[in-house]
Amino acid sequence: MLDPDYILRLSEGAEEIASQLHSVILRRVVRRIMLRLQRKDDYLLTSIDKWQLETLQEAGFLREELVAEIAKATGRQVSEIKRAFEDAGVKTVAWDNAVYKAAGLSPDPLLNSPQLLALLDRG
């Protein structure tokens, strides 16, 4: 049987490693956003950024915390970051719909799908 103190130390170590990983991911996303801002790109988030941010959310980060951290690091308004998140979500759905249509499927329009709207709001 494992000693309870050993299990406690192990879980605390795992939490610390996860926290460090979250910080690294967030710093990388912010760095890429900063590069896009410097280049004056017309978008802030790529699909990789969106996926990594979704992964952080699934790991327990709240959307508001992520948006606040990104806004703080970039010097942008929270509303601008939220708008970028929404834009990335809409573009992702449009991309997915094009793939579905090319495969002969007929996806529901975004505004007609409560599931997609909920997913967009969550992401």
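This is a predicted model: local features need pLDDT of at least 70, side-chain atom pairs count only at pLDDT 80 or more; totals for chains, interfaces and linings use all residues.
Glu-64 lies in helix H3, and at 54% relative accessibility this residue counts as exposed.

**The chain as a whole**

- The protein chain has 123 residues, and 27% of them count as buried.
- Among the contacts in the protein chain with a separation of 6 or more, 47% are accounted for by residues 24 or more positions apart.

**The largest nonpolar core**

- In soluble globular proteins, nonpolar side chains tend to be buried together.
- In this model the largest nonpolar core has 18 residues, and those with the most contacts inside it are Ile-33, Leu-44, Leu-45, Leu-53, Ile-70, Ile-81 and Phe-85.
- Two or more residues of this core are given by each of H1, H2, helix H3 (63–74) and H4, and the largest share, six residues, comes from H1.
- Ile-70, one of the residues with the most contacts inside the core, is in contact with Leu-26, Val-30, Ile-33, Leu-53, Ile-81 and Phe-85 when its neighbours within four places in sequence are left aside.

- His-22 has its place in helix H1, which covers residues 4–39.
- With a relative accessible area of 16%, His-22 falls under the 20% cut-off and therefore counts as buried.
- Once neighbours within four places in sequence are set aside, the contacts of His-22 are with Leu-56, Ala-59 and Phe-61.
- Thr-74 is found in helix H3, and because its relative accessible area is 10%, which is under 20%, Thr-74 is also classed as buried.
- Not counting residues up to four places away in sequence, Thr-74 touches Val-30, Ile-33, Met-34, Leu-37 and Ile-81.

- The C-alpha atom of Glu-64 is separated by 9.0 Å from that of Lys-82, a residue 18 residues apart from Glu-64 along the chain.
- Lys-40 lies in the loop between H1 and H2, and its relative accessible area of 72% is over the 50% cut-off, so Lys-40 counts as exposed.
- Most residues other than glycine have a negative phi.
- Lys-40, although it is not a glycine, has a positive phi of about 60°.

**The largest pocket**

- Rolling a probe the size of a water molecule over the atoms shows where empty space is left.
- In this model about 290 Å³ of space lies in the largest pocket.
- The lining of the largest pocket is made up of 15 residues, and Leu-45, Thr-46, Ser-47, Ala-88 and Thr-92 are those that lie nearest its centre.
- Helix H2 (47–58) and helix H4 (78–102) each supply at least two residues of the lining of the largest pocket, with H4 giving the most, at seven residues.
- By residue type, the lining of the largest pocket divides into seven nonpolar, three polar and five charged residues.

Notes: Residues are numbered from 1 along each chain as its sequence is written. Side-chain values use heavy atoms; hydrogens and water are left out. On a 1 Å grid over the protein atoms alone, a cavity is a set of points where a 1.4 Å probe fits but cannot get out, and a pocket is an open set with protein on both sides within 12 Å along at least five of seven lines; lining residues have an atom within 4 Å of a point. Grid points are joined across faces, edges and corners, and a volume is the space filled by probe spheres set on the points. Helices (H or I, at least four residues) and strands (E, at least two) are DSSP runs, numbered from the N terminus. Ala, Val, Leu, Ile, Met, Phe, Trp, Tyr, Cys and Pro count as nonpolar, Asp, Glu, Lys and Arg as charged, and the others, Gly among them, as polar. Buried means under 20% relative accessible area, exposed over 50%, partly exposed in between (1.4 Å probe, protein chains only). Contact means heavy atoms within 4.5 Å. A nonpolar core is a set of buried Ala, Val, Leu, Ile, Met, Phe, Trp, Tyr and Cys residues joined through side-chain atoms within 4.5 Å.
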